[in-house]
Amino acid sequence: MAASVIRARLDLLINLFDTTTGATVDERSVSFMRDGVPVRPESRGAGIYVFINTGREDFLMRISVRGYEDYEVKVCYEEMDERLPVCNVFLMPSENTPKAYFTQSFSGTLPFLTRIEAVNLKKCICMSEGLNKKTNVMSVYVPSGGRAPMDEAVYGLLSADRSSYERIEIEEIISEKSVKLKNPLQGEFATNLPIARIVYGRVKDDGSYLLRVIDEGEDTKYLVRYVVGDEVRFQVVDFNDQEELQ
């Protein structure tokens, strides 16, 4: 009798993160919908879920996790690595769910708004030190010493006056103090520029937005990056004295 061969292909890997902290979300009460139909990917623990042999057609994915706002994203395979399609999902904590920290929210409505995110102006994970433009390798340092914790895919490289930031995507971690960027920098590079985690917000079709961050008292101040039509704008938002996006 001929031996049968069973091949398994990883069609999608999902990582769940808390957008306010960057920590993995290991809550077990999780449900997924694919184009409105409930599906059950395999859990690998630590907020990791995999779709095996499910096909690679684009679809609308909705994720519901206890303690977090529902998340919806269009899965587009053209935008992913063909060898390892990965979707990093940054979940926003629900406002009234008990948790180990308090949050503050920033919300409103702005016509033609399509995206909103922010970086903490008081906290950076490391600083820029050097850039090899030929290899696209950036060296970084932590002022207090130690390893630069750049385990996420995208970060914000702030300008010298901290009025804007460039999104940088990490292709590879070279060492504890150097990373390879996926794309060349669009702006000018300088040493000692702060590099910060990005906190992701939510925008609906009507332009209503919601951004939620950890409540840090009087120091809850963020630089918000938002896209209106094709225009990228920045605005400093003090969560204790909020002004709507302009």
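Analyst: Let me begin with a term: a residue is called buried when its relative accessible area is under 20%, exposed when that area is over 50%, and partly exposed in between, using a 1.4 Å probe and protein chains only. This is a predicted model, in which local features need pLDDT of at least 70 and side-chain atom pairs count only at pLDDT 80 or more, while totals for chains, interfaces and linings use all residues. Residues are numbered from 1 along each chain as its sequence is written, and side-chain values use heavy atoms, with hydrogens and water left out.

User: OK, how many salt bridges does the structure hold?

Analyst: There are 16 salt bridges in the structure, where a salt bridge means a side-chain nitrogen of Lys or Arg within 4 Å of a carboxyl oxygen of Asp or Glu. Side chains of opposite charge can pair when their charged atoms come close.

User: Which residue does R62 form a salt bridge with?

Analyst: R62 pairs with D70, and their closest N and O atoms are 3.1 Å apart. R62 is partly exposed, because its relative accessibility is 33%, and D70 is also partly exposed, at 34%.

User: And what about R212, which side chain does that one meet in a salt bridge?

Analyst: R212 meets E69, with 3.0 Å from N to O. This pair links distant parts of the chain, since R212 lies in strand β19 (residues 208-214) and E69 in the loop between β6 (59-65) and β7 (71-75), 143 residues apart. Strands here are DSSP runs of E with at least two residues, and helices are runs of H or I with at least four, numbered from the N terminus.

User: Is R212 buried or exposed?

Analyst: R212 counts as buried because its relative accessibility is 3%, whereas E69, at 22%, counts as partly exposed.

User: Changing topic, how many disulfides turn up in the whole structure?

Analyst: The search finds zero disulfides, a disulfide being a pair of cysteine sulfur atoms within 2.5 Å. For C87, the nearest cysteine sulfur is that of C76, 9.9 Å away, and C87 is buried at 8% relative accessibility.
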